[in-house]
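User: I am new to this structure and would like a close look at one part of it, the aromatic pairs. Please go on from there to what surrounds them.

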Amino acid sequence: MANKIPFSVDITGSFVYSEPLAEARKRYQEGELISAKLHEIEDKEIYRIVEKCKEIGLKCVTDGDYKSTNYTDFFHHLENISKLETPQPEEPNESVVSGKIDFDNSFLSTPPVTQRFTYLTGIIGGDMYAKALLPSPTTLLAELLRPENRYNTGRYYPDIELLVHDIAQTYQKVINEFYDMGCRFLQLTDYAWNLTGDSNIEQVAQAAHLDLHSLIATSAQLTEACLAQKPDDMCISLQFRNPWWKVGDKEKMAELLFSTRADAIALEFGNRENENIDFSILNYCQGKEVILGLISTTSLQPISTSNIILHIENAARLIPLESLHLTSQGDFRDNLGNSVISEQMMWSKIVTMKNIAKTVWGK
């Protein structure tokens, strides 16, 4: 199988907010800055991180997710899903359904979703890949089924099969829209296992009157339906966050979730740079490219290059080395925009990733 990801280091998560952007977001929330000025600062900082990625020698770049606060932002740009503001910023904003879920790029609130990618492609230049990051359809399903939202969702979708159908149709349109804009690398990140707020995946299943295995099976079917019309020359990766390892039978879940027609699977392995890692889960990724999330986004300790190389070598016993790629443990900041490490340390980790890749893959 010809590799669809022609580079060894991938960017799979959001970046630490730069100081100018963090200050601008704070002033915007306090009503001291208008949205147009915030967008201007966001664009300036995105340009800066793209230039930094070029300097490091990365071949794939995102916008650092600098234009969003958390994964629900995308959902609230879809048709008939709105945000119900909560009084406390640390509380999750509920996603309220008011009709048939859909996507239309002419819909008034939708252009910002695609404009982010348009701006990114306009500034990268050269032979770099512009990558789009979106929450997965499974995340939207879980978001609308979590206890806080389930009652309202049920008013419009009393049958979960209808909800699954409309989410699939919506994502098919989103994928085609991004493809038509020139996107050839799209990541769908699964946040269903660590939703904002207090809801966990077991509570989502209970609210939907399903057992966990049935919910996982439904999620896999939904993902497959979303990718049913995926263009052959578009690489779509599915990223799974670390918490899912700790729920239920991970082998059974992996068999379901990894079996879709996605081209690549991105996996987080927790803050375990200096520990032994069981890579047996990669047996369910045969025939796909695998993006190994091995670099901690929160540890203040120096990266052990030798340990990371050893982890990659162990993974290569199950997946061909040429089908493996290196990345960080997902996001460098949380849903509230906070980060444990500084922006400088983030760049240091990315440089180390690039150096490790040169040692392992020679590029």
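Analyst: A search of the whole structure finds 12 aromatic pairs. Rings of Phe, Tyr and Trp (its six-membered ring) pair if their centres lie within 6.5 Å; planes under 30 degrees apart count as stacked, over 60 as edge-to-face and the rest as tilted. This is a predicted model, where local features need pLDDT of at least 70 and side-chain atom pairs count only at pLDDT 80 or more, while totals for chains, interfaces and linings use all residues. Residues are numbered from 1 along each chain as its sequence is written, and side-chain values use heavy atoms, leaving out hydrogens and water.

Take F7 and F185. They form a tilted pair, 5.9 Å centre to centre, with 45° between the planes. F7 sits in the segment before α1 (19–29), and F185 in strand β6 (residues 185–190). The pair links distant parts of the chain, 178 residues apart. Helices (H or I, at least four residues) and strands (E, at least two) are DSSP runs, numbered from the N terminus. Both F7 and F185 are buried. Buried means under 20% relative accessible area, exposed over 50%, partly exposed in between (1.4 Å probe, protein chains only).

Next come F269 and F279. Their ring centres are 5.1 Å apart and their planes stand at 65°, so this pair is edge-to-face. F269 and F279 each lie in the loop between β8 (264–268) and β9 (289–295), so the pair ties together parts that are 10 residues apart in sequence. Both F269 and F279 are buried. Ring pairs also build a cluster: Y71, F74, F75, Y171 and Y191.

Now the cores. A nonpolar core is a set of buried Ala, Val, Leu, Ile, Met, Phe, Trp, Tyr and Cys residues joined through side-chain atoms within 4.5 Å. The largest one has 104 residues. F15, L282 and L292 have the most contacts inside it. Helix α7 (residues 160–180) gives this core its largest share, 9 residues. A second, separate core has 8 residues, and F7 is one of them, along with I5, C60 and A264.

F15 deserves a look of its own. Leaving aside residues up to four places away in sequence, F15 touches I49, C53, G64, Y66, F332, R333, M346, W347 and I350. Contact means heavy atoms within 4.5 Å.

Y66 also meets E42. E42 lies in helix α2 (residues 35–56). E42 counts as buried, at 2% relative accessibility. Beyond residues up to four places away in sequence, E42 touches L21, R25, Y66 and K67.

The axes of α5 (residues 137–145) and α6 (residues 147–156) come within 5 Å and cross at roughly 85°. The two helices are therefore roughly perpendicular to each other. E143, L144 and L145 in α5 meet P147, N149, R150 and T153 in α6. The contact residues divide into 3 nonpolar, 2 polar and 2 charged. Axes are lines fitted to C-alpha atoms, for helices over the stretch in contact, and angles run from 0 to 180 degrees between N-to-C directions. Angles under 35 degrees count as roughly parallel, over 145 as roughly antiparallel, 65 to 115 as roughly perpendicular and the rest as oblique. Ala, Val, Leu, Ile, Met, Phe, Trp, Tyr, Cys and Pro count as nonpolar, Asp, Glu, Lys and Arg as charged, and the others, Gly among them, as polar.
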